[in-house]
Amino acid sequence: MELTSLFIATLKPLLWLLPLLIVVAILKRPWFKGTMGERRVKRLIGRQLNPSIYREFSNVTVQTDDGTTQIDHIYVCPFGVLVIETKNMSGWIFGGRNQAQWTQTIYRKKVKFQNPLRQNYRHIKALESLLDLPTECFKSIVVFAGNCTLKTEMPDEVCRTSDLIKYIYSIDARIFSDAQVDDICNKIISFRLEPTRQVHRDHVENLKRRHRA
């Protein structure tokens, strides 16, 4: 009995560490970091762009021929359909338009990840079909929301959050009327899947099947 009491007394001061370890584990999860990056971009655009001009749709999952694709942000405006892929990453980022994979370097650790421009190309092709619009109506944007440095010369549509609003403002040639903007928004509302946990789980399974193929 005394040994049991001693054991419990020894463990008690360490119990506060358990919640901390759980929080740290969650913070390190890729899905959590991705969600935080998406929210940061959404807040930034919401603060600095007129929501009556830039009509926002976030976390949009749509059906495709081979499953689903999930789009971080879509902004419909008179200047086009802005399709934004968000990356919340730290370290040094190396990549080029035609490379299948880019590289994240943190000290001596290197991690490969899919070229986000190719990811966004898939998103845009899905939207082209669903909205029945030509490619030139879409503007692809890749934004890095984390504390990272882009170490190679990137295409104009790849930027950090500090340059995002300036880049969006540079897209200023009007191609849609107000009625066309309304029509596009209504179509997105009609074909997007409900943002439920089950839809997200199904999408993750679709991704796993595609990558195994």
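I began with what covers the buried residues of helix H6, and the cover includes strand E1 (55-64), strand E2 (67-77), strand E3 (80-87) and helix H4 (116-131). Helices (H or I, at least four residues) and strands (E, at least two) are DSSP runs, numbered from the N terminus. I kept in mind that this is a predicted model, where local features need pLDDT of at least 70, side-chain atom pairs count only at pLDDT 80 or more, and totals for chains, interfaces and linings use all residues. Residues are numbered from 1 along each chain as its sequence is written, and side-chain values use heavy atoms, with hydrogens and water left out.

Next I listed the buried residues of H6: Val-181, Ile-184, Cys-185, Ile-188 and Phe-191. They sit on the same side of H6, because their arc around the axis is only 140 degrees (taken from the directions from the helix axis to the C-beta atoms). On the face turned away from that side I found the exposed residues Ala-179, Ile-189 and Ser-190. Buried means under 20% relative accessible area, exposed over 50%, and partly exposed in between (1.4 Å probe, protein chains only).

Then I moved to H4, where Gln-119 is found. Is Gln-119 buried or exposed? Gln-119 is buried, at a relative accessible area of 18%. Leaving aside neighbours within four places in sequence, I noted Glu-85, Lys-87 and Gln-114 in contact with Gln-119 (heavy atoms within 4.5 Å).
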